[in-house]
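Colleague: Please show me the model and take me through the terms used to describe it.

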Amino acid sequence: MSTTRAVRIGIVVATAAFVPSLFVLIAGQNPWRVLTTLVLYAFGPQGWSEVLVHAIPLTFIGLGVAFALRAGLFNIGSDGQLIAGATLSVVLAPCFEGWGIAGIVAFLTLGFAGGAALGSFVGWLRARFGASEIIVTIMLNYVAAQMASYLVRGPMQEPMHIFPRSYNIPDDCILPVIVQGTRLHAGLFIALVMVLLCSLV
């Protein structure tokens, strides 16, 4: 690693620590205590696995943005595409009950297809009408979020109709936990494989 790159990374890390610390200080709290709590939790016995659990979908979002950037496009709608893919998977999840490993494959394939479909729609709008992918993807983020909000309060709502959440998906569609006592699942391996594939492409 070059000295210039190391300095840049150091500046980014210092800024990332300083800016939130400033707000904590304004709120009348101890910034050092907050930072140490965050770091100790992240690397603690339970925290590290939760960090990885949250990093898995963020990895897919980051790959979607990076892949588009390599093609000279600005995909600002990756979170909307994630919502669209997740929604499509959950809508059809009851169909996969009893499928075993094929259920997981079908569930994940639908997730990828749902996100790709929304992204492809943006590509079609750009190719056909010259629409700005930046504006369209930003706007579709809200469309996807509102669609999911409607579904979890309507057709997909849990049977008791008390909480704004979907019905439970079948066990056949749930990725296995790879570290007992945590929520860390096999999606970590899928994310790593996708990072490698995107790097090769």
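Predicted model: local features only at pLDDT ≥ 70, side-chain atom pairs only at ≥ 80, totals over all residues.

Modeller: Residues are numbered from 1 along each chain as its sequence is written, and side-chain values use heavy atoms, with hydrogens and water left out.

Colleague: Why is α1 called oblique to α2?

Modeller: The axes of α1 (residues 3-26) and α2 (residues 31-42) come within 9 Å and cross at roughly 130°. Angles under 35 degrees count as roughly parallel, over 145 as roughly antiparallel, 65 to 115 as roughly perpendicular and the rest as oblique. Therefore α1 is oblique to α2.

Colleague: What makes the contact between α1 and α2?

Modeller: Contact means heavy atoms within 4.5 Å. On α1 the residues are A17, S21, V24 and L25, and on α2 they are P31, V34 and L35. By class, this contact has 6 nonpolar, 1 polar and no charged residues; Ala, Val, Leu and Pro are among those that count as nonpolar.

Colleague: Which residues form the largest nonpolar core?

Modeller: There are 10: V90, A93, F96, A106, F107, L110, L151, M156, Y167 and C173. A nonpolar core is a set of buried Ala, Val, Leu, Ile, Met, Phe, Trp, Tyr and Cys residues joined through side-chain atoms within 4.5 Å, where buried means under 20% relative accessible area (1.4 Å probe, protein chains only). Helix α5 (residues 101-129) gives the most to this core, with 3 residues.

Definitions and conventions
Axes fitted to C-alpha atoms, helices over the stretch in contact; angles between N-to-C directions. Helix = DSSP H or I, 4+ residues; strand = E, 2+ residues; numbered from the N terminus. Buried < 20%, exposed > 50% of the residue type's maximum accessible area, 1.4 Å probe, protein only.
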